[in-house]
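User: I am new to reading protein models. Please take one part and go through it closely with me.

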Amino acid sequence: KEEAPQRKVSFFARVRIMRITNRKDLNKTQIKRVWYSRDEFKDIRKECFDTIKVMQDGDIVDEDEGFCTLGLEYKTKANYKARQRN
């Protein structure tokens, strides 16, 4: 029986640490600048569902019309089922 090649993990010798302010320490203005509002999040979800609908209908997804399929490939019913079988 053929042996599987050995796998190795290595890490870069130098690292850079960036300190990130805890969200609890941000004021309201800072939070509004870096976090989506509830309405923005709802709009993003609606756009995703609209794009998935276009994909499921078999229509051509035109990025010039504001559609983006990146990350949505397995959200259609057919692709979701296919992925579950694997």
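Which residue's side chain meets that of Lys46 in a salt bridge? Please start there, then show me what surrounds that part.

Analyst: The partner is Asp50. Keep in mind that this is a predicted model. In it, the side chains of Lys46 and Asp50 meet in a salt bridge, with N and O 2.8 Å apart. The general idea is simple. Side chains of opposite charge can pair when their charged atoms come close.

Now look at the spacing along the chain. Both residues sit in helix α2, which covers residues 38-56. Lys46 and Asp50 are separated by about one helical turn, because they are four residues apart in that helix. Asp50 has a relative accessible area of 34%, so Asp50 counts as partly exposed.

The total for the protein is two salt bridges. The other pair is Asp57 with Lys53. Their closest N and O atoms are 2.9 Å apart. Lys53 is partly exposed, at 47% relative accessibility. Asp57 is partly exposed too, at 44%.

Next, the cysteines. Cys48 has its closest cysteine sulfur in Cys68, at 8.7 Å. That is too far for a bond. A disulfide is a covalent bond between the sulfur atoms of two cysteines. The cut-off for calling one is 2.5 Å between the sulfurs. A search of the whole structure finds zero disulfides. Seen from Cys68, the closest cysteine sulfur is that of Cys48. Cys48 is partly exposed, with 28% relative accessibility. For Cys68 the value is 41%, which again means partly exposed.

Now follow the chain past the helix. Val61 lies in the loop between α2 and α3, and α3 covers residues 77-85. From Lys46 to Val61 is 15 residues in sequence. In space, their C-alpha atoms are 16 Å apart. What does Val61 touch, leaving aside its neighbours within four places in sequence? Val61 is in contact with Thr51, Val54, Met55, Phe67 and Thr69. Val61 has a relative accessible area of 24%. Buried would require under 20%, so Val61 counts as partly exposed.

Together with Val34 and Trp35, Ile31 forms a nonpolar patch on the surface. The three have about 300 Å² of accessible area together. Ile31 is partly exposed, at 31% relative accessibility.

Finally, step back to the whole protein. There are three helices and zero strands. Read along the sequence, the pattern is α-α-α. The radius of gyration is 21 Å, whereas a compact globule of 86 residues would have one near 12 Å. Along the principal axes, the C-alpha atoms fill a box of roughly 60 × 45 × 25 Å. Buried residues make up 7% of the 86 residues. Take the contacts with a separation of 6 or more: residues 24 or more positions apart account for 6% of them. The accessible surface comes to about 9500 Å², and 50% of that belongs to carbon and sulfur atoms.

Key:
Residues numbered from 1 in each chain as written. Predicted model: local features only at pLDDT ≥ 70, side-chain atom pairs only at ≥ 80, totals over all residues. Heavy atoms only, no water. Patch = residues over 30% accessible without salt bridge, like charges linked within 9 Å, V, L, I, M, F, W, Y side chains within 5 Å. Areas by Shrake-Rupley, 256 points an atom, 1.4 Å probe, with all protein chains shown as cover. Salt bridge = Lys/Arg side-chain N within 4 Å of Asp/Glu carboxyl O. Buried < 20%, exposed > 50% of the residue type's maximum accessible area, 1.4 Å probe, protein only. Helix = DSSP H or I, 4+ residues; strand = E, 2+ residues; numbered from the N terminus. Rg over C-alpha atoms; globule rule 2.2 N^0.38 Å. Contact = heavy atoms within 4.5 Å.
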